[in-house]
Amino acid sequence: MSNLKARIRVMPIHAIIMCIAAFLSLASIFVPIFELFVQYQKRNVYSLLTLLTRPRVFVSLMRGGSVDLNFQMFGIVVFIVTIIISVAALTLALGFQLYSNNRKTKRWGCISVAVLLIARIGVHFYTLSNFITDEMMNANKLNPQRLYVVQNTWGNLLVIICFIGIVAAIYGALGLQMHMKFLSYPYMAWVVIFTILPLFLILFRAFFMNVNGGYQFTLEGFKTLFGNKTVTASFYGKNLTLQENFSVFLRSLDYAAWTTVGCLILGYPLAYILADRTKRMHKTSSKLLLLFVLPMWMNTMLRTYAWRAFFSKLGVLNTFLMYVGLMKDPIDYLGNPIIADIITKVVMVNDFLPFMILPIYSVLVKIDSSLSQAAADLGATRVQCFTKVIFPLSLPGVISGVQMVFMPSMTFYMIPDIISEGSRTTIGNTVQSFILNESKSAQQAGNVLSLLLLIFVLITMGILRNQDKEASGNGGMIL
């Protein structure tokens, strides 16, 4: 027994994962993973065991007739095959890893387990696809929309667990040793596939256009983007005649700047109060912080429509003001361009405020309180203590918060689009309209605009990073 415990302790990580996957594939025989629907209603839930023990289903239909199903023979075959595969996978997974000292033998054991887990997934999908046969539907005069079987959440988990076990088994079959850094590989693959590769595609499509099945270098996208079309836009009560897309860029920059400034003005005092309360109460986190994080769990579109309903002509604000007698007729806040612009910025500040609070709070809460006490002992006032000690040390959090708010709000178009009912075009709307346009030159212009935005973001981040290097602090940056 002691020898067995010693072998279990030295088992590599991939072997442990493989054994757990094999065990769970066996346990899944007793877990309900299939749901039977008859006439659009869920009638029964099956595991492979209940498919064997309760094979018959009889349902009386409301308009006469009935549905009579019998899964006995199918259940027997599937249960026997599945239990043989699962027991064999678990036996080999444990046997080769615990009772074999030969590396080559262990590798063959891993290969065998991988094959068995693949077979387990195959049997699972075979069961799902052959649960209801054409003969059953014809006999009961139903179609696939009225009689079908789906796998539930447990069925999805079974497939994921078996897949993870297969990966671990293949890893062991290759003779590799799994380390903690292996966990970073999926993240690296994610970054390459979904971040770096799309950026290269944007760069490529900004200069090359698909013509007659091939790509050719062209600057049509730049010509379309920087065309001579001008518009008269209103900025702070002044009408300016500008190039169309440049005016859109200025409006987006205006929204982003005000959103960032508003979040900083509101977010820093809130983060300071929360951090001070956390340190005074000697807690690792503040429950009040949850109040600012909770709105992030709600869909942004729902929050925006709630704000729009609040400020609408028949909304909560007008109803309240008329009820208390402050006005007789409702005011169309969203119909006034200036007021609607202010409301848009207020809503954006409300939406991005947690992204400013969290990084500043994470830095402030790590600043030692003794620094403020030392500054006070040296004669500094509370204002001087804040401006000379606390704020400089919290600059990394401020810069991180600015990055987290300014970059997304620059291209965010949902809130301005909903509040203004599409009358305010932002840079995000422009990119979307270009990309969805059927014209190839317009599509290329969308890629060009995306590339220019990326360059602008990189320059802005570079400036902020340089500022962060000059700032001192022990909190560090979030990003």
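On a 1 Å grid over the protein atoms alone, a cavity is a set of points where a 1.4 Å probe fits but cannot get out, and its lining residues have an atom within 4 Å of a point. The model is predicted, with local features needing pLDDT of at least 70 and side-chain atom pairs counting only at pLDDT 80 or more, while totals for linings use all residues. Residues are numbered from 1 along each chain as its sequence is written, and side-chain values use heavy atoms, without hydrogens and water.

**Exercise 1.** Describe the largest cavity by its volume and its lining.

*Solution.* Volume here is the space filled by probe spheres set on the points, which are joined across faces, edges and corners. One cavity of 30 Å³ or more is counted, and the largest cavity holds about 40 Å³. Its lining consists of Pro-295, Met-296, Arg-303, Asn-350, Asp-351 and Pro-354.

**Exercise 2.** Determine how helices H12 and H14 are oriented to each other.

*Solution.* With axes fitted to C-alpha atoms over the stretch in contact, and angles running from 0 to 180 degrees between N-to-C directions, H12 (residues 300-311) and H14 pack at about 140°, their axes 11 Å apart. Since angles under 35 degrees count as roughly parallel, over 145 as roughly antiparallel, 65 to 115 as roughly perpendicular and the rest as oblique, the two helices H12 and H14 are therefore oblique. Their contact (heavy atoms within 4.5 Å) joins Thr-300, Arg-303, Trp-307 and Phe-311 of H12 to Ile-343, Val-347, Asn-350 and Asp-351 of H14.

Key
On a 1 Å grid over the protein atoms alone, a cavity is a set of points where a 1.4 Å probe fits but cannot get out, and a pocket is an open set with protein on both sides within 12 Å along at least five of seven lines; lining residues have an atom within 4 Å of a point. Helices (H or I, at least four residues) and strands (E, at least two) are DSSP runs, numbered from the N terminus.
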